[in-house]
Amino acid sequence: MFYRETGQFKSTYGDDQALFPIIQDRWLLGAILLVAFFVVPFIINDYWANAILLPFLIYSLIALGLNILVGYCGQISLGTGGFMAVGAYGSYKLMTSFPELNIVFVIIASGGFAAAVGVLFGLPSLRIKGFYLAVATLAAQFFLIWMFNKVGWFYNYELSQITSPPREVFGVLVTGAKASPAAQYLFTLCIVAVFTWIAMNLVRGRVGRGWMAIRDMDIAAELLGIRPLQTKLLAFAVSSFYIGIGGALIFNLWLGSVEATEAFDILQSFFVLFAIIIGGLGSVLGSFLGAAFMALMPVILKLLLVDGFSVSAVHAKHVEFILVGSLIIFFLIKEPHGLARIWGITKEKLRLWPFPY
Amino acid sequence: MDFFQALLITPFVIMWEDPLFLTETLIKGLMAGVLYSLVALGFVLIFKASGVFNFAQGVFALFAALTLTGIMDMMGDGLPKPLVIIIALGLTVAVMVLLAVLVERFVLRPLVNQELIILFMATLGLSYVLEGAGDLMWGSDVKVIDLGLPTDVWDVGGVFVEQLDLVAAITAGSMVAVLAVFFNKTRIGRALRAVADDHQAALSVGISLQQIWVIVWSVAGIVALVAGIMWGSKSGVQFSLSLIALKALPVLILGGFTSIPGAIIGGLIIGVGEKVAEVFWFDLHGGAVENWFAYMLALVFLMFRPQGLFGDKIIERV
Amino acid sequence: MKLNKLVLGAAAAAVMASAGLTSIASAYEYTIPQLVYRTGAYAPNGIPLANGYLDYMEMLNQRDGGINGVKVNVIECETGYNTKVSVECYENLKGEGESGAVIINPHSTGVTYALIPKATEDQIPILSMGYGRTSAADGTVFPYVFNFPTTYWSQASAFIKYVGEREGGMENLKGKKIALVYHNSAYGKEPIKTLEVLAEKYGFSFLKLPVDHPGQEQKATWLQVRRNKPDWVFMWGWGVMNQVAIKEAAAIRYPMDRFIGVWWSGSENDVAPAGASANGYLAGTMHAPGSDFQVIRDIKKYVYDAGLGSGDRDRVGEVLYNRGMLEAIFSAEAIRKAAEIHGTNEVRGVHVRDGLEALSFSEADFTRLGLEGFMEPFAVSCEDHEGGGPVAIQQWNASEGKWVIVSDWIEPMHDIVRGLVKEDSAAYAKENNITPRTCS
């Protein structure tokens, strides 16, 4: 009843190709953004920032990055943790070597480092495919983490734990412990919003279609005139760029202090991969939903069990494990194409509701 | 110049000067390889028959070993030791079979015909459930496996050989032999191979997919039990046991996901390769390279054979 | 995105509802959030630590009605030894109750690093007893972080003193070879700098052997030990790495009484899988093992006899249990001291920090606390958050199944360690624009 597109005519090509052609979608998104930008910053506290919103936003960005590679271009990668570490350590080196650099530039530059490293480890993808490609990215994962733990230069010859120094944007602190949660949240939100918008346009344009052609069948795509080398490497570069920015955000905004072996280990790579599978491969919305599921579901379950039902902390953890596991299996059985697909089906239903015939 | 010397000359000088040490390194490498193979074997079995890359295989090993020690603890000291061990082993196998039935019923059957990556994801869910359940049932303390396996060391002309490692090697060898006979000589084994080849064709000649899956997952559970016992004898049974799956990944990739001999030979190559590299090449430079070196080694092999050493040849058509 | 907001909203409502329920409690009580890891890879160590802490506080509540008559409310939050989860726990619990968190025990080196800036900002003191960032011993740069009674660097220097003693004098260290088998992380790398400085000073050679997390496979490491034949092996291990290392050391027939573990590598768990072959293995410690202390008798009487124990009665008195209990004792004494200084029982985190800085323990204090012979006297000050307490070496007796202290209490080399601490904290202060406060 409320979600009908009847009567919405597209009279120009511009209208037809808009990111959100349906007026209700635009309103909904606008409302969400409005709340996110103008309401949340005024009511946010440390807990909401550090435990819920920052992890959700940052993992969404990382999941989006990986989704570009896995979901759109069809190349399985388990090197996410390593590329995140490149972003984090890159930003640390930049910030400590050039203290006057603006943090926005630092974050984007560290994405650039990650992109370069990503291209390097993407090279074997030309020869190795499918699950076997995971080995090249796993090599990246383990090698990078080893390197950041081993080579003292990356952590300024202290112990291998790095701490983010305080930096400002427009005179407002965004990193370091003195930064207010609202500033940290807004800063992260801006970055995530901008790069999500870029990604949405990227995947529906020529570049994105090239990736999808490669994903669906690379030999056929090659016959169509898509160059596998450039296309695959571009996917690796863009994907690692996003992941690197995510890593830099995790280090600077969220945790404030990380150690490569712990914060960016192989389990992180699996974590993000699982987030995009449960969210929906090849879907921008899916990246957000998947990140929300994987990052927030344990927190929500914990809060419910411990605070809601007064289960002891340790039993709550066990039950939480069992529940998260069962939920994953349940959702996969219900809808193997991810949460984004469930949303899509809901929209279809809404379109006809309340008169389904 | 120094760099090239350290890379190309010094390691060989060390090997030449101390052949006993070289021998010991090789033996330890092979033994470590056997342990990797034991874990990889479970992956291969499941992948071959049901096309599932079972992320939960490491947790299976943990769960099996936990169940074994838990049951042995519960039976207490009243009965004679060998009897306790036999009963506990029997019960654990029963639990693993039950687990296979449950997995087939509640995970595989509803997800039949889904893509590889979806099934992979489902096994992640499975591993979460088993981690929680295992902890909840048996607690998180370090438990000692006491099966009376030998723990001593033999001194063979200056080379130390651990008896436990030998036991592991013999067990792995006999297990592969049994599996080979099972696959090639029995009716179920042939049905298994048919399923591995083509699900639909197998179905059409009257092979029950569900039955085969239960069997394969049970066998993989038993393999996990053996791996859990061998690794657990060294470290005690504790949560970290579930992480041994990571050690099996490069082995799998090197040997190919579908080949049992591949798992064994891949394990041996990785085991020897990483030990030799660590001890002779990277020792002087701070080391701890084993983790990534295993993958680099696998990567080099894959550059020449993209389907793994023994994997099925990939044929691509438009 | 809509779905997710809905779920969040529901969760938020649930949290708020429950927060409303818990805030009805009227009497003032001390809230102490405990970041524990009773699950995950390090759970075997986390469980006794957490139990010791809980039981002691419960004993205080039962025996004395709390601290100065104010009840202590320990809230556990399960982290699984994961930094990200720990941050969530910290943010969730830091404002809990009327008092807010009065003190926090992060229970992991990584978490300590992440919480140092946050807790300093929130004015909640961190007690990272014998772990965390060693240079936090400099109270001028780290006003809210405490790592007494002694630190990794002090411990490393004490090990060298012990080795010197066993070798028959420090001069005999010359030409000896000492290997360090360490967990390849910030934690494991802690002693390297100290040992390198000492290697130069005393002329022994120093060999570093890293083991990657988790450390189930260490054949290569021990092959190198076999080839290089060090006279002594030190170990900075954690979790499964400890059990495997002891097993592997036995497998190359390395003499166990020349193999010394850090205090986190010397619990009953670590030696259990190796069985008889672990006999004679040494480890550092800052307190005595065993249950022959008045305070433990009190815990058994007031907590376990009343059926309130958090763990197995038989496991009270294990090394890590005692360590958790010691942590609780220090926390409680700091609160007591803070109440004394500020003349009120309603102390908050910022007050407890003053209490921590004023802590000093004499033999008489230990007797009062039921800790006779448990450890040596030490004192914390505004400048020195380490306290500089001595370290002892304990040895595993496999046939009796218990740890026994076999050395005297060894005074660390304060002059050397202090210099290193100053150097490191100065670098931290510079990087983070911190002006060290003055302490007089």
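**Entry 1: conventions**

I worked on a predicted model, in which local features need pLDDT of at least 70, side-chain atom pairs count only at pLDDT 80 or more, and totals for chains, interfaces and linings use all residues. Residues are numbered from 1 along each chain as its sequence is written, while chains are lettered from A and ligands numbered from 1 in the order in which they are written. I took helices (H or I, at least four residues) and strands (E, at least two) as DSSP runs, numbered from the N terminus.

**Entry 2: chain B against chain A**

I looked up the contact of chain B with chain A, counting two residues as in contact if their C-beta atoms, placed from the backbone, lie within 7 Å. I found 40 residues of chain B in contact with 34 residues of chain A. On the chain B side, the elements giving two or more residues are α5 (116–138), α10 (244–255) and α12 (290–304) of chain B. The largest share, 14 residues, comes from α5(B). By class, I noted 30 nonpolar, seven polar and three charged residues on the side of chain B that touches chain A. For the classes, Ala, Val, Leu, Ile, Met, Phe, Trp, Tyr, Cys and Pro count as nonpolar, Asp, Glu, Lys and Arg as charged, and the others, Gly among them, as polar.

**Entry 3: chain A against chain C**

Here I found 41 residues from chain A and 37 residues from chain C in the contact. Elements of chain A that each supply at least two residues to this side include α2 (23–43), α3 (46–72) and α14 (313–334). The most comes from α13(A), with ten residues. The side of chain A that touches chain C divides into 22 nonpolar, twelve polar and seven charged residues.

**Entry 4: a helix pair in chain B**

I checked how α2 (residues 19–50) and α11 (residues 260–282) of chain B pack: the angle is about 140 degrees and the axes are 7 Å apart. Axes are lines fitted to C-alpha atoms, for helices over the stretch in contact, and angles run from 0 to 180 degrees between N-to-C directions. α2(B) and α11(B) are therefore oblique to each other (under 35 degrees counts as roughly parallel, over 145 as roughly antiparallel, 65 to 115 as roughly perpendicular and the rest as oblique). The contact of α2(B) with α11(B) has 16 nonpolar, seven polar and two charged residues.

I found seven of the seven residues of β1 (residues 30–36) of chain C buried. A residue is buried if 20 or more other C-beta atoms lie within 10 Å of its own, exposed if 12 or fewer, and partly exposed in between, with C-beta atoms placed from the backbone. C:Y30, C:I32, C:Q34 and C:V36 point one way from β1(C), and C:T31, C:P33 and C:L35 the other way. β1(C) pairs with β2 (residues 72–78) of chain C in the parallel sense over seven bridges; two strands pair if DSSP finds at least two bridges between them. The bridge partner of C:Q34 in β2(C) is C:E76.

**Entry 5: the open sheet of chain C**

I traced an open sheet of seven strands in the order β6-β5-β7-β8-β9-β12-β13 (chain C), with mixed pairing. Its edge strands are β6 (205–211) and β13 (402–405) of chain C. The twist averages 30 degrees from one strand to the next. Helix α5 (residues 152–166) of chain C packs on the sheet, touching β7, β8, β9 (282–285) and β12 (392–397), and its direction makes about 135 degrees with that of β9(C).

Three bridges join β7 (residues 232–236) to β8 (residues 259–261) of chain C, running parallel, with C:V233 opposite C:F259. β8(C) and β9(C) run parallel over two bridges, and C:G261 stands opposite C:A283. β9(C) and β12(C) run antiparallel over four bridges, and C:T285 stands opposite C:A392.

Most residues other than glycine have a negative phi, and most peptide bonds are trans. The bond from C:F148 to C:P149 is cis, with omega near 5 degrees, and C:P149 is in the loop between β4 (145–146) and α5 of chain C. Another cis bond joins C:H213 and C:P214, with omega about 0 degrees.

C:H107 has a positive phi of about 65 degrees and counts as buried, with 26 C-beta neighbours inside 10 Å. Phi of C:R253 is near 55 degrees, and C:R253 is exposed, with 12 other C-beta atoms within 10 Å.
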